[in-house]
Amino acid sequence: MSEDRTDGAADRAAQDAAGSDAPTDAVQGAGAGASTRRMLMLGAAGASMVVTIRPALAQTATSVLTCQIPVPQPRQSGGWLMADGTVVPPYTRNAVRPPSQPLKGQEIREALLQGRLYPGTTREQTQAYTAYMLRLQNGQSGFTCFVSIRAK
Amino acid sequence: MAARRHIADAAMPSVTMEGFAVVFHAASGATHLLASPVPEILAAIGPDRGAATPDEIVTRLRADYDMDGEADDDVAAVVAERIAELTASGLVRAA
Amino acid sequence: MRHAIGLKIGPVAFRVGSDWAAPIAALQSLYRDYPAPVGVPDYTVRLEAERPWRRWVRPSVAVRGDYILPEALPLDLAHGVLAAEIGMNLQLALGERRWLLLHASSVERDGRALIMSGESGSGKSTLAAVLATRGWRLMGDEFALIDLATGAARAFPRATSLKNAAIDEMLRHAPEARFGAELTGTPKGRLRHLRPDATAIARMDEPAMPALILFPQYGGAEAAEGMGSAEAFVRLTQASTNYGPLGRAGYDTLTRLVTTVPTVAVDYPDTATAVALVEQLWDAL
């Protein structure tokens, strides 16, 4: 139930039973100055010795991809967008038409990271949509989604 | 053909549980469980120790651990296999 | 949305909007003893008609919010309160970054938390509900929230979702007045919600340090076996909905949890046996 104690230098800091489980550096120099060397087991040939944790839910790995952001949020549905992301009445001068569907997480990620345009939009529209999302506050539809995309 | 040198991708936090080293690789965000001798090999080519060929890694391991019962060739073969596995996981890169 | 309700469950505030009144009324009833949320909600759930006319013709509920399951089938309006629960689960499971989330029930005694992790059918929710009638404080039936800085468990005492035989079991332990309406024919079978008792609601903002982790499995002969920390670690990464997205913070929190708190795998044939086992293991700490 409690962690194993070994004498490897890399593990020393993790041994304290009182719960000092501060991670040690996996790659700090091992054994320098140790008076006795412990045996090193080589393991079986052909066996895999690295187990990678895979996310349990496919959704958590792709959660960014399954979330979507309505632009603008439903409460302001139909509004058009200025270049700075503010929502204005339709046909306002210099404003752009909003997307007809909510923007998908994957599209937003590509726009942010690679400068891609949202499908079927002009550069002005894409910039306005991104500016809108940057202004989202906690409590507005899409805030959580946008924060998690940016956190990736 | 000269053997390639490899180095650990970064210093990685590690917690030992029942002999496994549970490490976090920040660049990928992935968590891996490593069984001996993988953590020891990783430590032998840490950023503080520099890149090494499999033969050089064997030398470093022999200095740090009691491996008197193992022949050089056997150890080198295991090291090469583990380096391949570590490279595939992104924890180690050619340098 | 025409109908809406704000809910505060532990540290999480939801806003549930709906095209129909019935699901909101059901939520209002289930959560009538909870304090009203203050300020902006953390998550929004919308129960929507898929097409405008589906509000009235063969009404079915599509669950929407920041996070969606694109393939999810809409639910019958009669099961609207289940749709709301699914929606809230989804937003929390996929969006939460303030705590490490584990699929686990939790109960508290003397400031320390018992965490019971398991899949649907393990009995973790029923066990927690029964323990709550035996002097333990219910912290949650489905999600345990682990504080990233302190490792403490936070309570998330939503109305417990009981399915099929678990409903009949709990009717033996808790007064019927605490149960919501029974839903039949849901994708999960018969379903009935159990409102947490007054203590659980009154103390829902009190954290507790985890002291024991159980992996209960209903249906086998009585058995209890200590689980190594490496196995517990891997199993809890699979029981977490946000371990990966939390990155380093998730790693630090979960490694600390499994190396400081003992873990036991428990098999039990019936609830009474499980309760006795829990008391034994807790006393032995």
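# Hairpin, sheet and contacts

Me: Which residue in the turn of the hairpin formed by β2(B) and β3(B) has a positive phi?

Reply: This is a predicted model, in which local features need pLDDT of at least 70 and side-chain atom pairs count only at pLDDT 80 or more, while totals for chains, interfaces and linings use all residues. Residues are numbered from 1 along each chain as its sequence is written, and chains are lettered from A and ligands numbered from 1 in the order in which they are written. Helices (H or I, at least four residues) and strands (E, at least two) are DSSP runs numbered from the N terminus, and two strands pair if DSSP finds at least two bridges between them. Two residues separate β2(B) from β3(B), and the turn residue with a phi of about 50 degrees is B:Glu18.

Me: Is B:Glu18 buried, partly exposed or exposed?

Reply: A residue is buried with 20 or more other C-beta atoms within 10 Å of its own, exposed with 12 or fewer and partly exposed in between, the C-beta atoms being placed from the backbone. B:Glu18 has 17 such atoms, so the residue is partly exposed.

Me: In β3(B), what is the bridge partner of B:Ser14?

Reply: Strand β2(B) covers residues 13-17, of which four of five are buried. Four bridges join this strand in an antiparallel manner to β3(B), residues 20-25. Within β3(B), B:Ser14 has as its bridge partner B:Val23.

Me: What pattern does chain B follow along its sequence?

Reply: Chain B holds three helices and five strands. Read along the sequence, they give β-β-β-β-α-α-α-β.

Me: Why does the radius of gyration of chain B agree with that of a compact globule?

Reply: The radius is taken over C-alpha atoms, and the globule rule is 2.2 Å times the number of residues to the power 0.38. The C-alpha atoms fill a box of roughly 35 × 35 × 20 Å along the principal axes, and 47% of the 95 residues of chain B count as buried. The radius agrees because the rule puts a compact globule of 95 residues near 12 Å, and chain B has 13 Å.

Me: Where in chain A is A:Pro72?

Reply: The peptide bond from A:Val71 to A:Pro72 is cis, with omega near -10 degrees. A:Pro72 belongs to the loop between β3 (68-69) and β4 (80-81) of chain A.

Me: Is A:Tyr91 buried or exposed?

Reply: A:Tyr91 has a positive phi near 70 degrees. This residue sits in the loop between β5 (87-88) and β6 (103-104) of chain A. With 8 other C-beta atoms within 10 Å, A:Tyr91 is exposed.

Me: Which strands are the edges of the five-stranded sheet in chain C?

Reply: The sheet is open, with mixed pairing and the order β1-β2-β3-β4-β5. Inside it, β2 (residues 12-18) and β3 (residues 43-49) of chain C run parallel and are joined by five bridges. The strands that pair on one side only are β1 (3-9) and β5 (75-76) of chain C.

Me: At what angle does α2(C) run to β3(C)?

Reply: Axes are lines fitted to C-alpha atoms, for helices over the stretch in contact, and angles run from 0 to 180 degrees between N-to-C directions. Contact between two residues means that their C-beta atoms, placed from the backbone, lie within 7 Å. α2(C) lies across β2, β3, β4 (60-65) and β5 of chain C, and its angle to β3(C) is about 140 degrees.

Me: Which element gives the largest share of the side of domain 1 of chain C that touches domain 2 of chain C?

Reply: An automatic or database domain assignment divides chain C into domain 1 (3-95) and domain 2 (99-283). Their C-alpha centres are 24 Å apart, and 17 residues of domain 1 contact 21 residues of domain 2. α1 (21-30) and α2 (80-95) of chain C each supply at least two residues of the domain 1 side. The largest share, five residues, comes from α2(C).

Me: Which helix supplies the largest share of the side of chain C that touches chain B?

Reply: The contact takes 11 residues from chain C and 10 residues from chain B. α6 (229-239) and α7 (248-260) of chain C each give at least two residues of the chain C side. The largest share is five residues, from α7(C).
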